[in-house]
Amino acid sequence: MAETLTSGKLTIRVVICLAVLVVVMCLCAVVGTQEISLKKVFAGPGQKPGENIDYEIFVGVRLPRVILAALVGAALACSGVILQAILRNPLADPYILGISSGAGLGAITAVIFGITWNFWGGSPMAVFAFAGALGTVWLVWFIGRFTGKSQVTSLLLAGVVINAFLSAVIMFLTSIAKSDQLRLTIYWLMGNITEKSLSVLGVSAACILAGIFALFCISHRLNVLTLGEEEAKGLGVDTTKTRAAAFGLAAFITAVAVKLSGLVGFVGLIIPHGVRLIFGPDHRQLLPVSGIIGGIFLVIADTLARTVFGQEQLPVGVITAIAGGPFFLFLLAKYSRKVSWLK
Amino acid sequence: MKKEWYAIALIWLGVILFIGVIQLISNHREPSQSVVDISNKPNRIVSLAPNLTEILFALELEEQIVAVSSDCDFPLKAADKEKIGTFWKPNTEAILAAKPDLVITLWFEQQKAVADSLKRLGYRILTLKIEKIDELLTAIQNIGTATDRKAKANQLLKNINSQLNNLQLKLGSVNKVRVLWVVQAEPLRVAGRNTFINELIQLAGGENAIGNTLQQYPPIGTEEILVCGAETIIQSAMGKSDIAEQQKAAEKFWSKWEHLPAVKNKRIYVVEPDTVTRLGPRLCQGVELIARCLHPDIFAQKQNTAQ
Amino acid sequence: MSIIKVENLSFGYRSKEEILKEISFEVTSGTFLAIAGPNGAGKTTLLNLLCGLLSAKAGSINIDTTPIETYSVKELAQKIAVVRQEFIPVFDFTVVQVVSMARTPYLGTFGFESQTDKKFINEALEMTDTARFSSRPLAELSGGERQRVFIARALAQNTPILLLDEPTAFLDLKHQVDIYDLLKTMQQEKGKTIVAVTHDINLGAQYADVALLLGADSSYQHGYAAEVFSAEQIERVFGVRGFTGRIDREKFFIPLGKFAKDSSQIGRKPDSSA
């Protein structure tokens with residue numbers, strides 16, 4: 001009989017991928033510019049700071065970074081899957097509909113106007129970037145709805161318009177920024193994984209995981225959505241609602257990721273693509289697997305970013321770009337016969 | 001349909017508020033201040049910025065310094081210390097490996113994040129904001145208190161103040177020279193009046209050729225250059241390339257504006273950057289360097305350099 | 001029992017024009033209705049109105065005695081399955097994945113197929129003879145095979161009504177006949193109501209019980225297929241001359257243009273009267 005995806009099969013695959021993720025995270029937490037020994041780590045914290053540095057480095061610096069990288073990678077990869085489904089385009093990425101320029105504008109605004117309040121456990125740049133990203137997404141959706149019932153083309157057009165406008169504003173603000181403010185913003189926008197407090201990690205994890213779970217619940221409808229507006233309606237899917245829910249959730253988890261780490265590029269574009277080439281386009285599987293593999297990818301990329309040049313730490317966005325390109329080419333070459341639209 | 005939109009929006013708002021409340025609560029629970037604890041004399045100090053390192057050396061804490069950021073180059077012994085990443089991106093792991101009992105950082109975002117991480121692990125952090133001369137003086141005092149070098153700190157402050165006073169005396173009631181301070185050649189950016197460079201200029205008997213501007217380091221156009229009437233143009237050397245070369249390049253660049261007094265009288269100077277762009281204990285050297293450029297006649301007469 | 005009831009339906013895309021003007025007809029459950037007419041007469045528009053994609057300007061449409069506006073998208077999908085022109089989806093879903101999408105209106109929260117769903121899917125694949133390439137992506141199939149896949153999908157949806165928009169447009173003769181045979185079997189064995197928009201008068205006349213002939217001037221004819229597809233009607237509505245012939249009880253119509261070889265046949269009445 002014909003092969004279909006069952007919940008059993010999916011669970012097994014997801015569990016295996018999760019196991020790989022955990023292993024990778026542990027391995028990467030052991031690697032870094034300072035050598036540490038796991039035995040000392042397990043000895044527990046010292047009486048006062050400085051007694052057991054191995055523990056401090058592992059628990060205070062590496063673990064938070066590795067967890068953060070996994071969360072951001074998962075959020076961006078899942079968001080990429082969703083945007084590619086909504087826009088029916090395998091080359092979409094999570095930033096395409098205004099999130100990147102919105103986040104950038106938020107970040108640079110916070111810096112230029114010298115806002116210093118620390119709230120919601122994030123620096124002012126992060127929080128404003130979050131607000132900017134969501135605000136822009138809402139604006140794009142609103143304009144899209146206004147001009148054409150939120151159909152794909154109108155969304156894309158609205159996204160292009162907003163991106164253009166916001167980029168102009170960003171350019172203006174950039175021109176009046178102080179050099180060190182500027183450097184700060186650009187650096188932040190390049191994508192960085194840093195150590196955050198447990199409470200920030202906890203809340204962010206809750207948000208991202210909840211978002212991914214909600215997206216999983218509508219992923220079978222996303223399959224149908226990719227067939228086209230008319231076909232989807234004929235199969236009982238309320239296209240506007242589904243698109244709105246998917247877009248909103250994807251934008252939310254992307255905004256959380258951007259707030260945590262700036263604009264890390266490439267993950268949201270290549271991971272869904274690569275996973276789709278190997279596992280097929282069924283979103284019930286594509287979504288969770290992409291998320292986990294996105295996490296693995298970013299954990300490894302961040303580990304490279306912080307060890308490859310010794311003391312000099314690279315922004316993780318540099319590694320994702322350098323590593324992502326060739327990796328994707330390799331996948332493409334190997335599996336290209338499966339990809340129909342390339343022919 | 002509409003009702004569902006409202007419901008969704010309300011739920012989102014609720015979630016965000018909920019998260020905000022949790023954050024507020026957790027923020028309060030975290031230890032909020034880097035309390036300057038003077039009970040222990042710190043023996044292992046890490047400095048994350050070149051000017052902080054200079055202050056520490058000036059307070060005779062050379063032995064207590066265990067690690068510095070990689071761009072700390074003065075005094076020369078600073079370059080021999082362990083490195084813990086750059087000024088822009090300090091490496092937390094390396095800092096931990098140095099087992100500090102006091103970490104001194106600057107106030108901007110990247111360093112603040114590292115400071116927060118260390119604070120969470122229970123380390124003693126001193127964070128300073130040094131963007132103006134009086135902030136520098138306060139910082140010297142704070143560092144002195146934190147490292148149990150109050151006496152030395154006060155001495156240092158006295159020295160700085162007396163040197164500045166001597167300089168003022170020497171300059172007397174000289175006419176203020178109009179200065180254009182170039183921060184970047186292309187596009188042309190200058191230091192405005194709201195910068196510490198402006199403070200240095202004023203102490204050196206000068207006046208910024210540019211009026212009040214919105215930005216601290218505004219890019220200026222040809223019109224402003226023509227109108228500013230700068231009598232001296234000063235540029236701090238950039239990068240590691242030869243100063244003499246940069247001097248020649250600057251003179252060539254400015255030769256276009258032959259009507260400017262500075263160009264006519266050949267008063268274009270490229271100066272060593274460290275004493276004028278780093279707000280540190282060599283403040284007076286920096287001011288004097290600028291004063292020499294602005295009032296060469298006064299300094300030519302006297303042979304002794306006040307140091 | 002009329003499963004589709006259309007009363008005084010009017011529709012136009014722009015406010016002044018009216019493509020469909022006060023059309024009324026009923027479709028009894030379990031019949032095969034063919035909708036034909038020249039280009040621009042509104043066949044596809046009517047189909048889109050019937051499946052809820054468009055809203056009528058005036059008049060009403062009742063599906064299974066309930067007005068169509070009261071149905072949610074999901075409920076309507078459980079009553080009506082639509083087959084349009086085959087296409088290759090952007091993402092390379094396999095045959096079985098595409099056919100499985102038909103069960104969307106019936107799936108639970110996480111969207112996994114139950115045993116019942118799988119039964120319908122497999123049956124649909126068997127009936128359309130697409131089971132043998134069920135794990136191949138659609139891009140690797142021929143046009144005819146793809147069209148069968150979309151029909152399989154409509155069958156798996158297990159709805160009482162099937163709407164088809166020119167299901168055999170680009171297919172070869174064998175496939176055309178195969179698909180109509182399949183549709184007729186669905187009607188007769190499963191009691192489905194088939195509504196097919198077609199350009200092919202002859203196939204329509206061969207398979208349909210009732211027909212709706214839409215004219216470009218918003219006029220329409222509704223009745224038994226044999227009556228509606230008479231030579232006079234066809235010549236009038238389509239504005240073309242032709243030859244009507246008869247084999248047993250099967251009538252056929254062949255349009256004849258200026259360069260037809262034996263022009264003496266034009267206008268000749270069929271041998272035995274209707």
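Tutor: Two residues are in contact if their C-beta atoms, placed from the backbone, lie within 7 Å. Keep that in mind as we look at this predicted model.

Student: Between which chains are the most contacts?

Tutor: Two pairs of chains touch, and the most contacts are between chains A and C. Chain B and chain C share no contact, and their closest C-alpha atoms lie 11 Å apart.

Student: How do I read the packing of two helices, say α1(A) and α13(A)?

Tutor: Look at the angle and the distance between their axes. Helix α1 (residues 7-30) and helix α13 (residues 283-307), both of chain A, pack at about 10° with axes 10 Å apart. Angles under 35 degrees count as roughly parallel, and therefore α1(A) and α13(A) are roughly parallel to each other.

Student: Which residues of α1(A) and α13(A) meet?

Tutor: From α1(A), they include L10(A), V14(A) and L21(A); from α13(A), they include P288(A), I292(A) and V299(A). The residues of this contact of α1(A) with α13(A) divide into 16 nonpolar, three polar and two charged.

Student: Which residues of α4(B) are buried?

Tutor: Start with the helix itself: α4 (residues 109-120) of chain B has twelve residues and reaches 17 Å from its first C-alpha to its last, close to the 16 Å expected. Its buried residues are Q110(B), Q111(B), V114(B), A115(B), S117(B) and L118(B). They cover an arc of only 160° around the axis, which puts them on the same side of α4(B).

Student: What do the buried residues of α4(B) pack against?

Tutor: They pack against α3 (53-86) of chain A, together with α3 (92-97), β4 (102-106) and β5 (125-128) of chain B. Just after α4(B), G122(B) takes a positive phi of about 95°.

Notes:
Residues are numbered from 1 along each chain as its sequence is written. Chains are lettered from A and ligands numbered from 1 in the order in which they are written. This is a predicted model: local features need pLDDT of at least 70, side-chain atom pairs count only at pLDDT 80 or more; totals for chains, interfaces and linings use all residues. Helices (H or I, at least four residues) and strands (E, at least two) are DSSP runs, numbered from the N terminus. The expected span of a helix is 1.5 Å times one less than its number of residues. A residue is buried if 20 or more other C-beta atoms lie within 10 Å of its own, exposed if 12 or fewer, and partly exposed in between; C-beta atoms are placed from the backbone. The arc is that of the directions from the helix axis to the C-beta atoms. Axes are lines fitted to C-alpha atoms, for helices over the stretch in contact, and angles run from 0 to 180 degrees between N-to-C directions. Angles under 35 degrees count as roughly parallel, over 145 as roughly antiparallel, 65 to 115 as roughly perpendicular and the rest as oblique. Ala, Val, Leu, Ile, Met, Phe, Trp, Tyr, Cys and Pro count as nonpolar, Asp, Glu, Lys and Arg as charged, and the others, Gly among them, as polar.
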